[in-house]
Amino acid sequence: MSLMKTTISVIKADIGSLAGHHVVHPDTMAAANKVLAEAKKNGVIIDYYITNVGDDMELIMTHNRGELDTKVHETAWDAFKEATKVAKDLGLYAAGQDLLSDTFSGNLKGMGPGIAEMEIEERPAEPIAIFMADKTEPGAFNYPQYKMFADPFNTAGLVIDPTMHEGYKFEILDVYAGESVTLNAPEEIYDILALIGTPSQYVIRRVYRKADNMIASVTSIERLNLLAGKYVGKDDPVMIVRVQHGFPALGEVLEAFSFPYLVPGWMRGSHYGPLMPVSQRDARATRFDGPPRLIGLGFNVKNGRLVGPSDLFDDPAFDETRRLAEQIADYMRRHGPFMPHRLEPTEMEYTTLPLIQQKLKARFKKEAGVAEAKKSIYEKQVEGGD
């Protein structure tokens with residue numbers, strides 16, 4: 001007899017913010033709450049929790065309907081639309097920014113909101129951690145997922161826990177080509193790193209335990225600039241991670257965020273900055289619209305009910321991480337408009353910078369010999385010359 005499966009859906013959107021790209025207004029969250037409460041009453045969802053990080057509203061829902069369910073996604077869409085109405089009434093900034101369509105069309109894929117969903121058979125104790133970031137992109141979770149599931153210096157269980165010792169499988173998506181590949185750790189870790197070290201293109205979408213193919217984590221993969229064809233805000237990803245009993249311990253998962261590594265996004269989606277893990281009360285985008293913020297909430301799931309949450313980064317153990325993030329922020333900000341603070345040209349294509357470049361284009365004049373020299377250098381590289 002098959003066990004009843006529980007689906008955890010985390011769906012986020014920027015539907016408008018108080019005082020710039022700063023923080024979600026409580027009245028918009030109240031509007032979303034009415035929609036989700038009604039959906040719970042009518043049996044569409046089992047349980048829910050609403051929170052925010054920076055200007056992103058986060059809907060955490062549980063149900064038995066599986067991934068990409070029309071009714072669940074429509075519930076989230078209705079919640080965001082009702083919140084957007086309130087945002088417009090209040091005159092909030094960028095009301096409805098992440099809603100790229102006027103009408104719901106079956107599910108939320110390609111419509112703007114970020115989606116991470118995981119269907120599981122609940123263990124007797126089912127602890128999970130949900131991570132939500134603001135002012136960055138989905139590839140920002142590549143580094144910590146590698147640390148959690150492939151780095152024995154981070155995760156001791158990879159060495160000493162027999163249930164983890166065989167390793168994990170990484171499903172990696174090329175967001176430009178729309179193609180994915182599954183690679184195994186530890187035997188293919190160099191290949192994994194060759195891809196995920198370019199997080200703007202390759203995103204770890206899911207991780208599975210190799211021994212039994214049980215899902216371990218899932219990340220939202222929506223890239224708003226690719227969906228809209230222009231910059232409409234950074235993607236601000238969400239991630240669900242199962243912990244304990246054959247998966248990394250909660251402390252091993254959190255340890256992956258103890259280093260404030262650089263991520264793209266920050267101000268106008270155009271700068272690299274340190275990802276700063278903060279408590280829920282500090283999840284506001286302030287300095288230079290940042291630095292990029294991360295919150296983590298811990299729950300137990302029992303028969304679809306959410307028990308919790310615990311505010312995972314509300315802990316002085318992460319004070320030094322935050323202090324280092326502030327030092328890195330100082331260092332990066334000293335570069336001003338120069339790289340490596342500003343993103344590389346390919347990432348700037350979807351910002352407003354091309355409008356400035358287009359304005360200046362007519363004033364550029366060709367220089368004799370420059371194009372030929374560039375071609376010669378390329379030909380030598382292809383031929384293996386010096």
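**Rings and cores in a predicted model**

Reader: Is Phe104 buried, partly exposed or exposed?
Author: Phe104 has a relative accessible area of 21%. Buried means under 20%, and exposed means over 50%. In this predicted model, Phe104 is therefore partly exposed.

Reader: How many aromatic pairs does the structure hold?
Author: Pairs are counted on rings of Phe, Tyr and Trp with centres within 6.5 Å. The total is 11.

Reader: Why is the pair of Trp77 and Phe104 classed as it is?
Author: The ring centres of Trp77 and Phe104 are 6.5 Å apart, and their planes stand at 40 degrees. Under 30 degrees would be stacked, and over 60 edge-to-face. The pair is therefore tilted.

Reader: How many residues apart are Trp77 and Phe104?
Author: Trp77 is in helix α2 (residues 70-90). Phe104 is in the loop between α2 and β4 (114-120). The separation is 27 residues.

Reader: Is Trp77 buried or exposed?
Author: Buried means under 20% relative accessible area. Trp77 has 4%, so it counts as buried.

Reader: Which parts of the chain does the pair of Tyr143 and Phe259 tie together?
Author: Their ring centres are 6.3 Å apart, with planes at 55 degrees, so this pair is tilted. The two residues are 116 apart in sequence. Tyr143 lies in helix α3, and Phe259 in the loop between α7 and β11 (262-265).

Reader: Which residues touch the most other members of the largest nonpolar core?
Author: This core has 39 residues. Strand β5 (127-134) and helix α3 (142-150) are among the elements that each supply at least two. The residues with the most contacts to other members are Phe131, Tyr168, Phe170, Ile172 and Phe257.

Key. Residues are numbered from 1 along each chain as its sequence is written. This is a predicted model: local features need pLDDT of at least 70, side-chain atom pairs count only at pLDDT 80 or more; totals for chains, interfaces and linings use all residues. Side-chain values use heavy atoms; hydrogens and water are left out. A nonpolar core is a set of buried Ala, Val, Leu, Ile, Met, Phe, Trp, Tyr and Cys residues joined through side-chain atoms within 4.5 Å. Buried means under 20% relative accessible area, exposed over 50%, partly exposed in between (1.4 Å probe, protein chains only). Helices (H or I, at least four residues) and strands (E, at least two) are DSSP runs, numbered from the N terminus. Rings of Phe, Tyr and Trp (its six-membered ring) pair if their centres lie within 6.5 Å; planes under 30 degrees apart count as stacked, over 60 as edge-to-face and the rest as tilted.
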